Amino acid sequence: MTAPPLLEARNISLTRDGRTILDTVSLSIGRGEIVTLIGPNGAGKTSLVKLCLGLVKPTDGTVTRAPGLKIGYMPQRLAVDVTLPMPVSRFLSLWSRARRADMQVVLAEVGAAHAIDRAIQTLSGGELQRVLLARALLRQPDLLVLDEPVQAVDVHGQIELFELIGSIRNRRGCGVLLVSHDLHLVMARTDTVICLNRHVCCHGKPEDVSRHPEYVALFGRHADALAIYHHSHDHSHADDGCVVPAGHEHTAHSEHQGCGHDHHHLHGHDQAHGGHRHG
Amino acid sequence: MITTIFTAMTKRMEGTVMDDFLLRGLLAGVGLALVTGPLGCVIVWRRMAYFGDTLSHSALLGVALGFLTGIGTQTGIVLVCLTIALALTLLQEQRRLGSDTLLGIISHSTLSLGMIALAVLGSVRVDLLSYLFGDILAVGDADLYAIWGGGALVLALLGWIWRPLLALTVDEDLARVEGVPVRRVRLGFTLMIAIIIALAMKIVGILLVTALLIIPAAAARRFARAPEAMAVMAALIGVGAVVAGLGASLQVDIPTGPAIVAAAATLFLISQTVPARG
């Protein structure tokens with residue numbers, strides 16, 4: 001009954017020069033699901049993303065992607081040399097060709113329609129993130145992978161971007177893997193949180209993770225801020241809202257399974273959430 | 001009377017000979033500049049100027065290898081450049097030293113080793129200066145064919161991998177996720193640099209090859225809003241530099257290779273007075 005996940009990583013470990021970067025980490029992302037990866041600097045978040053993207057091979061364990069899975073990837077940053085003349089329209093059509101009309105639609109969707117003829121090096125941090133998101137969306141992805149999408153964006157811009165990501169998920173029904181180093185802003189838009197510190201410290205619904213001792217130990221002060229935030233959104237989450245699909249329990253570290261939904265049910269539940277938030 | 005006619009004839013013949021090697025030099029230089037312009041743009045965009053410099057410095061080792069094995073200097077250069085490029089890639093992945101330090105070490109040690117090898121070979125008469133700074137007026141028919149044939153090959157290859165090359169120049173991870181065969185494209189690009197160094201040695205010499213790659217490209221930046229426009233502009237500016245440099249070296253007796261580079265640098269300075277186009 002359970003729809004197969006878009007992407008599943010099973011017990012992957014990554015060792016480099018004798019240093020353990022990731023230790024038996026598992027995760028799975030379903031269609032329409034937003035999974036947020038949080039953790040301190042050096043926790044291996046970017047390495048895990050690169051493993052999921054297939055850019056890096058795991059030392060141990062397997063990464064399975066749904067057949068024909070199309071990934072839209074938004075890197076942490078983009079360093080295009082100033083000597084390269086590169087208008088946004090060209091950037092969007094660099095490898096996968098795109099028609100100008102399609103570009104305009106997607107740029108409007110992310111709120112960067114004005115930037116189409118600007119040189120990419122002249123964009124502000126927030127504009128560049130939106131253009132990167134537009135490029136990922138142009139590929140009509142089944143899965144969006146966003147590595148720290150709000151870096152170099154002010155708090156107001158961060159909230160806007162997260163809302164945008166949430167609404168894109170609702171409209172397009174794609175899965176989203178999001179990396180963030182702080183949870184309280186992504187909270188409302190996330191179905192599953194995986195707290196990573198080389199291993200999976202804890203995972204589950206954002207409210208549960210935010211109360212988890214290991215999370216509190218890692219994020220201390222932030223955890224308080226989160227608790228307040230979490231209360232204000234408590235109403236929108238039913239008690240059975242656990243988003244870890246049955247049969248995808250992760251490691252011994254995970255303590256938040258026990259929810260017996262199949263994936264189908266889950267999907268509907270997500271949509272209801274989305275509606276609730278926007279209503 | 002007869003003597004006068006004879007003298008006139010000789011002068012005429014000398015003139016033809018003179019014109020001939022001038023023409024050959026000009027054609028060779030123009031042919032080279034048409035390729036180094038676009039290729040140099042990619043080197044500038046990818047911030048590989050010092051990488052190109054290092055490969056060209058190792059070319060002297062290729063000359064020695066060519067003499068030693070009898071495979072010819074140009075084949076020797078291409079082989080050595082490719083080997084050095086491969087070694088560099090492997091060493092950079094180790095991340096034990098900064099990239100610039102690594103390039104500096106390889107650049108100067110291969111240049112020295114090349115000179116030592118040529119000195120040890122001894123029996124072969126080698127005009128070191130012409131290898132270092134080029135000797136465009138000594139270009140023969142065979143060189144001319146090599147430059148135009150090789151140049152056409154490199155341009156065709158560049159056109160073939162242009163889109164993927166641009167994609168990975170913008171962001172390598174992004175390109176890989178989107179399905180660009182990154183490794184193959186990079187290897188193809190390195191091969192093109194190696195071939196161009198081998199071809200350019202005769203014109204401007206291994207110490208000045210990078211100049212012909214970098215300077216026209218940098219000068220073209222101001223005039224372009226799209227990558228392709230910049231590539232075409234760089235080719236034209238390179239041709240201008242070759243014509244101006246060759247002309248100047250005829251007017252005043254100065255070495256041609258350095259004159260071409262000086263002309264390119266002058267064009268670059270002029271370009272900087274033009275307002276940028278985005």
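**Notebook: chains A and B**

I began with the contacts inside chain A. Of those between residues at least 6 apart in sequence, 69% join residues at least 24 apart. I note here that this is a predicted model. I then listed the secondary structure of chain A and found eight helices and nine strands. Chain A has 279 residues, and 58% of them are buried.

**Helix α1 of chain A**

A:Lys45 sits in α1 of chain A. Is A:Lys45 buried or exposed? I found a relative accessible area of 6%, so A:Lys45 is buried, the cut-off being under 20%. I next asked what A:Lys45 is in contact with beyond four places in sequence. The list includes A:Glu148, A:Ser180, A:His181 and A:Leu196. A:Leu37, A:Ile38, A:Gly39 and A:Pro40 are on that list too, along with A:Val179.

A:Leu53 is also found in α1 of chain A. Its relative accessibility is 9%, so A:Leu53 counts as buried. Leaving aside neighbours within four places, I see A:Leu53 in contact with A:Arg65, A:Ile71, A:Tyr73 and A:Val145, and across to chain B with B:Val177. I also checked A:Leu53 against A:Leu7. They are 46 residues apart in sequence, and their C-alpha atoms are 9.6 Å apart in space.

**Interface of A and B**

I turned to the interface. On it, 27 residues of chain A are in contact with 26 residues of chain B. The buried area is about 2,400 Å², and carbon and sulfur atoms give 59% of it.

I then went through the polar side. The rule finds four salt bridges across this interface. I looked at one of them, A:Lys50 with B:Asp173, where the closest N and O atoms are 3.0 Å apart. Polar contacts between the two chains come to eleven residue pairs. On chain A, the elements giving two or more residues to this side are α1 (45–53), β5 (71–74) and α2 (88–92). By class, I recorded 17 nonpolar, three polar and seven charged residues on the side of chain A that touches chain B.

**Nonpolar cores**

Next I looked at the cores. In soluble globular proteins, nonpolar side chains tend to be buried together. The largest nonpolar core here has 157 residues. Touching the most other members are A:Leu27, A:Phe91, A:Leu92, A:Leu133, A:Leu144 and B:Phe189. I note that α10(B) gives the largest share of this core, 15 residues.

Within chain A, A:Phe91 touches A:Leu78, A:Met86, A:Ile120, A:Val131, A:Leu132 and A:Arg135. In chain B, A:Phe91 touches B:Val170 and B:Leu174. I also found a second, separate core of eight residues, among them A:Val193, A:Cys202, A:Val209 and A:Tyr215.

**Helix α3 of chain B**

Last, I looked up α3(B), residues 59–69. Which of its residues are buried? I listed B:Ala59, B:Leu60, B:Gly62, B:Val63, B:Ala64 and B:Gly66. Just after the helix, B:Gly70 takes a positive phi of about 75°.

Definitions and conventions. Residues numbered from 1 in each chain as written. Chains lettered and ligands numbered in written order. Predicted model: local features only at pLDDT ≥ 70, side-chain atom pairs only at ≥ 80, totals over all residues. Heavy atoms only, no water. Contact = heavy atoms within 4.5 Å. Buried area = accessible area lost by both parts, 1.4 Å probe. Salt bridge = Lys/Arg side-chain N within 4 Å of Asp/Glu carboxyl O. Polar contact = N/O pair within 3.5 Å; in protein donor to acceptor, adjacent residues only side chain to side chain. Helix = DSSP H or I, 4+ residues; strand = E, 2+ residues; numbered from the N terminus. Nonpolar A, V, L, I, M, F, W, Y, C, P; charged D, E, K, R; others polar. Buried < 20%, exposed > 50% of the residue type's maximum accessible area, 1.4 Å probe, protein only. Core = buried A, V, L, I, M, F, W, Y, C linked by side-chain atoms within 4.5 Å.
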